[in-house]
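The following note sets out points for a colleague to consider when examining the structure below. Each point is brief and may be read beside the coordinates.

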Amino acid sequence: MPGYSSWRNTEAYLGTLSPRKGKGTSTRVNEIKYWYEFPLAGEVKPGVGLWAVFTIYKDTITEIKYLTDMPLNKILTDFGKPGEICMDAESAYTIADFAYYTLALYYPEQGVMFTIYGEAPRQKVVQICPGESEDGVSGVMLWNPTQTSSCSELMVRYIGDFQYPPVYNPLEGATGMDINTFYNTYKDTSNASTCFDWQDPDWP
C-alpha cells in the first residue's frame, strides 16, 4: 500500500513472478521509479500484458500506476461518486479533425485515480464520449491517501515529468457538466454512448 509498504519486501515478492523490469527516471531527490511487466498474468488488451510502475522514496512505495480494463460504469458503481473530475482542456494533442482527451476521476479519500483516454471529433466543439474510451482501457494511480493533493496535480505526476505539462481543468468549468450529472449518467450502462461537448478554445 502506498505510504506504508516497504519496497525491499515488495521487490522480493515481485521477483518470484519472473517479470520484465526496468528502472525509470525521476527529477525528485531520493525518488526512484521501477516498471514491471507480467506477461503471464494475461492481457489487459491485445498485445499488452499487465504492467505496473512503482515510485519509491527512501524504501517506501509512494505511488503505483497500472492499466485496467474496468469499464466506466463499473468504476462509478464500485467506487462511488468521484471527489473531483478533471480533464485535459488544452487540446494539446490534436491530429486533423480529431482531438485526444484525458478525463481523470479522482477519489482522494480512497487514494485512487482513474484516467480515461479517448479520441473525439473536433469541430466547433469536441464531442467526448467517456463510456466509449479508447481500447476500453483506463489508467489507475494509487497513492497514500493521507497526502492531500488535487486532481490536476496528480495528473501531472501521472503522465510524468514534462517541461510544459497539459493543464487539467475541473469538468464543470470545462464543459458545464457537474460531477453529480456525470456520475448519475455514466453509472447506468444504458448511457454508455452518451456524449458531452467541450468548447475547444484553440478552434479557429
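1. Is aspartate 59 buried, exposed or partly exposed? Aspartate 59 is partly exposed, with a relative accessible area of 30%; buried means under 20% relative accessible area, exposed over 50%, and partly exposed in between, with a 1.4 Å probe and protein chains only. Aspartate 59 sits in the loop between S3 and S4, and has a positive phi of about 70 degrees although it is not a glycine.

2. The model is predicted: local features need pLDDT of at least 70, side-chain atom pairs count only at pLDDT 80 or more, and totals for chains, interfaces and linings use all residues. Residues are numbered from 1 along each chain as its sequence is written, and side-chain values use heavy atoms, with hydrogens and water left out.

3. On confidence, the mean pLDDT (the predictor's confidence in each residue, from 0 to 100) of the protein is 77, and 75% of its residues reach 70 or more. Confidence is lowest in strand S6 (residues 94-95), with a mean of 51, and highest in helix H5 (residues 179-186), at 94. Where pLDDT is low, the predicted coordinates should not be read in detail.

4. On overall architecture, the protein has 5 helices and 12 strands; these are DSSP runs numbered from the N terminus, helices being H or I of at least four residues and strands E of at least two. Buried residues account for 41% of the 204 residues. Of the contacts (heavy atoms within 4.5 Å) between residues at least 6 apart in sequence, 61% join residues at least 24 apart.

5. The loop of point 1 holds a further residue with positive phi. Lysine 58 lies between strand S3 (48-57) and strand S4 (60-68) and has a positive phi of about 50 degrees, although it is not a glycine. Most residues other than glycine have a negative phi. Lysine 58 is exposed, with a relative accessible area of 57%.

6. In H1, Trp7, Thr10 and Leu14 are buried. Seen down the axis of H1, these residues fall within an arc of 65 degrees, so they line one face of the helix; the arc is that of the directions from the helix axis to the C-beta atoms. The face turned away from the buried side carries the exposed residues Arg8, Asn9, Ala12 and Tyr13.

7. Threonine 10 belongs to helix H1 (residues 7-15) and has a relative accessible area of 19%. Its side chain reaches the backbone oxygen of serine 6 at 2.9 Å. Not counting residues up to four places away in sequence, threonine 10 touches Ser5, Phe54 and Ile61. At the start of H1, a side-chain oxygen of serine 6 comes to within 3.2 Å of the backbone nitrogen of arginine 8.

8. There are 9 aromatic pairs, where rings of Phe, Tyr and Trp (its six-membered ring) pair if their centres lie within 6.5 Å; planes under 30 degrees apart count as stacked, over 60 as edge-to-face and the rest as tilted. The rings of tyrosine 106 and tryptophan 143 have centres 5.5 Å apart and planes at 10 degrees, so the pair is stacked. Tyrosine 106 lies in strand S7 (residues 98-107) and tryptophan 143 in strand S10 (residues 138-143), so the pair ties together parts that are 37 residues apart in sequence. Both tyrosine 106 and tryptophan 143 are buried.

9. The rings of phenylalanine 182 and tyrosine 186 have centres 4.8 Å apart and planes at 50 degrees, so this pair is tilted. Phenylalanine 182 is buried at 0% relative accessible area, and tyrosine 186 is buried at 2%.

Definitions and conventions. Polar contact = N/O pair within 3.5 Å; in protein donor to acceptor, adjacent residues only side chain to side chain.
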